[in-house]
Amino acid sequence: MHWHAYTWIGHGEDLGREDERRPGSPEFAGSHLPPMRTGDWLAKPASRIAATFDDPSRAVEWLATQYGTIRGAFLHSDRVGPRARLDNAADALPRGVDVQWGEWLTGGRFATFGVVCCPNRHADHPCPIRRPSTMTP
């Protein structure tokens with residue numbers, strides 16, 4: 001297993017354009033919006049991948065960095081906190097569980113960061129970079 005990281009920051013109102021956030025939509029591949037299901041990031045073009053990791057601890061480091069870049073722009077205080085988020089990610093990723101964080105930012109913006117397990121047990125998409133991998137159910 002390996003992990004692909006994805007990010008999107010945009011106007012929150014755009015998230016209402018749900019049709020282009022579903023893989024069955026003709027607009028899906030070209031849309032910059034995040035998919036409705038985390039695992040469907042794998043159906044986006046490989047150019048949307050922000051990073052790829054062989055070690056889940058590196059993916060957690062990436063999440064920490066992304067969190068740090070937006071923390072000052074949160075619309076509301078983070079009730080979960082970075083330590084709990086990172087601890088949960090460190091537990092989930094090696095077990096094949098995707099991690100997706102989303103936060104409202106000032107100015108009506110929304111940010112989402114995700115690390116998706118590849119292959120993915122919830123979304124039957126091939127690896128976007130055609131990387132060989134195996135997964136036991």
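Rings of Phe, Tyr and Trp (for Trp, its six-membered ring) are taken as a pair if their centres lie within 6.5 Å, and the pair counts as stacked when the planes are under 30 degrees apart, as edge-to-face when they are over 60 degrees apart, and as tilted for the rest. By that rule, a search of the whole structure finds five aromatic pairs.

The structure is a predicted model, in which local features need pLDDT of at least 70 and side-chain atom pairs count only at pLDDT 80 or more, whereas totals for chains, interfaces and linings use all residues. Residues are numbered from 1 along each chain as its sequence is written, and side-chain values use heavy atoms, with hydrogens and water left out.

**The chain as a whole**

Two helices and four strands make up the secondary structure of the chain, and from the N terminus on these elements run β-β-α-α-β-β; helices (H or I, at least four residues) and strands (E, at least two) are DSSP runs, numbered from the N terminus. Along the principal axes, the C-alpha atoms fill a box of roughly 40 × 35 × 20 Å.

Of the 137 residues, 45% count as buried, where buried means under 20% relative accessible area, exposed over 50%, and partly exposed in between, with a 1.4 Å probe and protein chains only. Contact means heavy atoms within 4.5 Å, and of the contacts in the chain with a separation of 6 or more, 65% come from residues 24 or more positions apart.

**Aromatic pairs**

Two of the pairs are set out below.

| Pair | Centre to centre | Angle between planes | Class |
|---|---|---|---|
| Trp62 and Phe113 | 6.3 Å | 85 degrees | edge-to-face |
| Tyr67 and Trp101 | 6.2 Å | 85 degrees | edge-to-face |

Tyr67 lies in helix H1 and Trp101 in strand S3 (residues 99-104), so their pair ties together parts that are 34 residues apart in sequence. Tyr67 and Trp101 are both buried as well, and together with Phe74 they form one aromatic cluster.

**Individual residues**

Phe28 lies in the loop between strand S1 (2-11) and strand S2 (51-53), yet Phe28 is buried, with a relative accessible area of 3%. Leaving aside residues up to four places away in sequence, Phe28 touches Glu20, Arg21, Arg22, Pro23, Pro35, Asp40, Ala43 and Lys44. The C-alpha atom of Phe28 is separated by 9.7 Å from that of Glu18, 10 residues apart along the chain.

Thr69, by contrast, is found in helix H1 and is exposed, with a relative accessible area of 56%. From C-alpha to C-alpha, Thr69 and Arg22 are 28 Å apart in space, and they are 47 residues apart in sequence.

In the segment after S4 lies Pro119, which is joined to Cys118 by a cis peptide bond with omega of about 0 degrees.
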